[in-house]
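Please read this briefing alongside the sequence and the structure. The points below are grouped by topic.

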Amino acid sequence: MTGTQEPKHKKDLTRRKVVVAGTAAVAAVGAGGALAMSASADEAADATSTASASASSTAEVCYKLTSETTEGPYYIDADKLRQDITEDKEGIPLTLQLKVIDSETCKPVANAAVDVWHCDALGLYSGYESFSQGGGTAPTDAPTDAPTGTPTDVPTGAPTGEPPSGGGGGGGHEEPTSDTRYLRGTWKTDKKGCVTFKTVFPGWYQGRCVHIHTKVHVDGEWTDAGYEGGHACHTGQFFFDEETVLLTAEVDPYATSTTTRTTLTEDTIYDQSGTTGGLLKLKYNKKNIAKGVTASITMGVDPDTTNDGT
């Protein structure tokens with residue numbers, strides 16, 4: 001990545017405010033045909049236990065605390081209050097079904113503000129196209145007034161501080177360089193702690209596996225103006241199993257990507273812990289994944305803590 005890095009973004013967690021943009025209808029993915037399901041072993045066990053609990057009208061199964069991760073450099077604070085974040089982006093339809101529960105009490109966390117954001121099918125983040133360039137790579141146009149020769153003031157000693165940002169995984173926050181906001185949105189959980197987003201299956205870019213970013217905000221207030229106050233109790237990322245990603249890579253526009261893909265096991269952010277680490281449970285027609293994918297996960301959070309990912 002090239003260009004001057006902006007100062008690290010500072011957020012006011014006590015006055016978090018968004019403007020209501022209206023409710024968007026959530027389209028369901030067609031079921032038909034043989035369904036392919038992917039999940040970690042602990043997700044499968046949780047699902048079985050939850051089904052048994054529902055049948056006997058008892059409390060649902062407790063989940064472990066979901067792993068906290070870095071916010072990444074491309075977060076924009078609650079810019080769009082909506083469930084359908086697709087806009088005009090091409091890609092495999094993705095219905096993202098999320099549930100937020102208190103990992104200690106197992107009770108749903110209602111009225112929480114949940115953010116999701118991710119790159120498009122070719123690795124571009126809205127608001128940051130000049131940084132990501134469809135794969136997290138630096139812009140190809142070199143400046144015409146680039147200095148020549150060997151620098152004389154080369155620093156010595158071990159480097160200190162944070163590494164440069166980039167790739168949506170780590171580093172400091174970058175200020176947006178465009179006014180695009182596709183594939184970003186915020187919505188509230190219902191009384192069961194659930195919220196659904198409609199989007200497209202993310203692509204990939206240099207250095208990262210396929211993923212979606214998320215934040216959960218609590219203790220704020222929903223008003224006519226939007227969501228105000230509160231704090232982020234969870235900052236995480238969602239991940240997709242390799243079998244599914246390989247199937248999407250055969251479908252346009254993903255198939256046109258020339259970026260080398262980082263696998264799930266190679267990724268430096270995913271902690272390899274399955275559901276706890278953000279691995280999604282996926283359902284789709286294995287013979288026609290282009291028809292759409294439904295992804296779901298339950299996030300266990302501690303509402304009393306602050307995890308802003310910075």
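**Briefing on the predicted model**

Phenylalanine 239 counts as buried, because its relative accessibility is 0%. The model is a predicted one, and the protein chain averages a pLDDT of 77, with 67% of the residues scoring at least 70.

**Confidence**

- Over residues 1-34 the pLDDT is below 50, and this stretch has 82 contacts in the model beyond near neighbours in sequence.
- Residues 47-59 also have a pLDDT below 50, and beyond near neighbours in sequence this stretch has seven contacts in the model.
- Where pLDDT is low, the predicted coordinates should not be read in detail.

**The four-stranded sheet**

- Four strands form an open sheet with antiparallel pairing, and their order is E4-E3-E6-E7.
- Strand E4 (184-188) and strand E7 (226-239) stand at the edges with a single partner strand each, so one side of each is left without a neighbour in the sheet.
- From one strand to the next, the twist averages 20°.
- Strand E3 (residues 113-117) is mostly covered, with five of its five residues buried.

**Strand pairing in detail**

- E3 is joined to E4 by five bridges, the two strands running antiparallel, and within this pairing valine 114 has tryptophan 187 of E4 as its bridge partner.
- E3 also pairs with E6 in the antiparallel sense, over five bridges, and here the bridge partner of valine 114 is valine 216 in E6.
- Strand E6 (residues 211-223) and E7 run antiparallel and are joined by twelve bridges, while histidine 217 stands opposite alanine 232 in E7.

**Aspartate 219**

- Aspartate 219 lies in strand E6 and is exposed, because its relative accessible area is 60%.
- Leaving aside neighbours within four places in sequence, aspartate 219 is in contact with Tyr227, Gly230, His231 and Pro303.
- Aspartate 219 and proline 303 are 84 residues apart along the chain, and their C-alpha atoms are separated by 8.1 Å.

**Aromatic pairs**

- The structure holds ten aromatic pairs, and one of them is formed by phenylalanine 201 and phenylalanine 240, whose ring centres are 4.5 Å apart and whose planes stand at 50°, so the pair is tilted.
- Phenylalanine 201 lies in the loop between strand E5 (194-200) and E6, and phenylalanine 240 in the loop between E7 and helix H3 (242-248), so the pair ties together parts that are 39 residues apart in sequence.
- Phenylalanine 201 counts as buried at 0% relative accessibility, and phenylalanine 240 is buried with a relative accessible area of 1%.
- Phenylalanine 239 and tyrosine 270 have their ring centres 4.8 Å apart and their planes at 50°, so this pair is tilted.
- This second pair links distant parts of the chain, with phenylalanine 239 in strand E7 and tyrosine 270 in the loop between H3 and strand E8 (281-285), 31 residues apart.
- Tyrosine 270 counts as buried, at 6% relative accessibility.
- Ring pairs also link Tyr74, Tyr125, Tyr128, Phe131 and Tyr205 into a cluster.

**Charges over rings**

- Lysine 188 lies over the face of tryptophan 222, at 5.7 Å from the ring centre.
- The charged end of lysine 215 sits over the ring of tyrosine 75, at 5.1 Å from its centre.

Notes. Residues numbered from 1 in each chain as written. Predicted model: local features only at pLDDT ≥ 70, side-chain atom pairs only at ≥ 80, totals over all residues. Heavy atoms only, no water. Pairing = 2+ DSSP bridges. Axes fitted to C-alpha atoms, helices over the stretch in contact; angles between N-to-C directions. Buried < 20%, exposed > 50% of the residue type's maximum accessible area, 1.4 Å probe, protein only. pLDDT = per-residue confidence, 0-100. Contact = heavy atoms within 4.5 Å. Phe/Tyr/Trp six-rings, centres within 6.5 Å; stacked < 30°, edge-to-face > 60°. Lys NZ or Arg CZ within 6 Å of the ring centre and 35° of its normal.
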